[in-house]
Amino acid sequence: GAEIGPHRRWHGYQLVDGGRFTLWGAEAEGGWSSREEQLLLDAIEQFGFGNWEDMAAHVGASRTPQEVMEHYVSMYIHGNLGKACIPDTIPNRVTDHTCPSGGPLSPSLTTPLPPLDISVAEQQQLGYMPLRDDYEIEYDQDAETLISGLSVNYDDDDVEIELKRAHVDMYVRKLKERQRRKNIARDYNLVPAFLGKDKKDKEKAPKRKITKEEKELRLKLRPLYQFMSCKEFEDFFENMHKERILRAKIRELQRYRRNGITKMEESAEYEAARHKREKRKENKNIASSKRGKEEGKEGEFAAIENLPGFELLSDREKVLCSSLNLSPARYVTVKTIIIKDHLQKRQGIPSKSRLPSYLDKVLKKRILNFLTESGWISRDAS
C-alpha cells in the first residue's frame, strides 16, 4: 500500500518475469525462484510438515526431498520469517485423553502400590504377588469378562459402539473399586492385622488404655472407615473421647454448683465429706445385714432393706417396694421422673422425659395410684 512519487496504490500492475526472480535474494542457497517458493507453500499446506517426498514431487523434479526440507527449515522456520511469525511459546491444543488428573483412563488408576513388607510364606498364604501388587483372587474376579471379547470393527453401527463403550465404563468402575479396597486395606493395615503383626506393633507403641465402651463405639463406627482415612478417623475418635470427658466434667461442675460450691478448693472438701458419708452408709448396711443374720430373723423388708436408697423411703413406700419387688433406687428414679413431668405439665411445659425400660404398665399404674393417694400428684394428671 506504499505510494512513492506519482505511484498510487490503485494503479494497475503486471508481473514482468513470470516468477523467475528469487524471493530471498542472493544470500538464499540453491537459487529458489518465487514460483518454486509458491509451489513449496502449496505443497506443505497440502501434504503436511515432514512429508518431504511428496512435497519435492509437487515442487518439481529439480528439487530433492533433502533440499526441500533444508530450504523450508532454514528460511521459513529459523529465518527472519519464522522469527516474526512463529511465537516463542506455542499453545498446546491437543486434548490429553489419558486424564493424568485421576480420570477414568488415568495411568494412576492401575499404578501398583509399593509392595507389602511380608515374608515369602506370608505371600503364599495370601496369594499375593508383590511386583504387581495383585492377589490370586481379586475383588470381583470375573470383571475382565466384560471386555475380554470386545473388538472394534469398522462396520459397527452407533448402537454397537455405545454398547462397547458401556462395557469399558463398567470395567473401569470395577477397577476403581478394586484399587479403593486396596488403598483402604493399606491405610488401615488390614494385612498385618490379618497376619497378627499388628499386636506386636501395639505392644511396641503403647497408647492410652481403651475402655470397653470405647471398643463398642469403635465397632459401631466401623462402617465409616471406608469414607475416612486412618488418620482422620483416629482424630475423629480421639475428639469424641475428649468430648465425653468434657461432658462428664461439666456434669460434675453443675453438681457442685447445685450443692452451693463455687470454688475448686471447696470441691475437694465436699468430695472428702461425701466419701466419708458413703463409707459410713456402707459400713452401716454391712453391720445391719450381719446383725440380721446373727438374729436369724427375716423382717418384713428383708428383701430390700440392704439395698441402696432404702433409708430414703417412708414406711408406706417400703411396703409398696416390697410388694412390687422393686428396688428402692429404681422406685426413687421413677417417682422423680413422674413428679417432674407433672410439675412441667402444670406450668405448660411439654415433658420430654422417658420412663425406664424396666417399668411395665402394671408397675406404672400401681406407682401412679400410690402417688395420687399420697398427694404427690393430682388425680387429673394420673
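Predicted model: local features only at pLDDT ≥ 70, side-chain atom pairs only at ≥ 80, totals over all residues.
The side chain of Lys-182 meets that of Asp-134 in a salt bridge, with 2.9 Å from N to O.

## Other residues of helix α6

Glu-177 and Arg-180 also form a salt bridge, in which the closest N and O atoms are 2.8 Å apart. Because these two residues are three places apart in helix α6, about one helical turn separates Glu-177 from Arg-180. The two partners fall into separate classes of accessibility: Glu-177 is buried, with a relative accessible area of 19%, whereas Arg-180, at 31%, counts as partly exposed.

Arg-186 is likewise found in helix α6, and with a relative accessible area of 25% it is partly exposed. When residues up to four places away in sequence are set aside, Arg-186 touches Leu-113, Pro-114, Leu-116, Tyr-128 and Asp-133. For one of these contacts, Leu-113, the C-alpha atoms of Arg-186 and Leu-113 are 9.1 Å apart in space, although the two residues are 73 residues apart in sequence.

## A negative patch on the surface

Asp-155, Asp-157, Asp-158 and Glu-160 gather on the surface in a patch of negative charge. Among them, Asp-157 is located in the loop that runs between β2 (134-135) and α6 (158-187), and its relative accessibility of 41% places Asp-157 in the partly exposed class.

## Salt bridges elsewhere in the chain

The structure as a whole holds 19 salt bridges, and one of the pairs joined in this way consists of Glu-317 and Lys-335, whose side chains meet at 2.8 Å, N to O. Glu-317 and Lys-335 are both buried.

Salt bridges also link Arg-255, Glu-271, Arg-274 and Glu-278, and these residues together make up a network.

Conventions. Residues numbered from 1 in each chain as written. Heavy atoms only, no water. Patch = residues over 30% accessible without salt bridge, like charges linked within 9 Å, V, L, I, M, F, W, Y side chains within 5 Å. Areas by Shrake-Rupley, 256 points an atom, 1.4 Å probe, with all protein chains shown as cover. Salt bridge = Lys/Arg side-chain N within 4 Å of Asp/Glu carboxyl O. Lys, Arg positive; Asp, Glu negative; His and termini not counted. Charge placed at Lys NZ, Arg CZ, Asp CG, Glu CD. Helix = DSSP H or I, 4+ residues; strand = E, 2+ residues; numbered from the N terminus. Buried < 20%, exposed > 50% of the residue type's maximum accessible area, 1.4 Å probe, protein only. Contact = heavy atoms within 4.5 Å.
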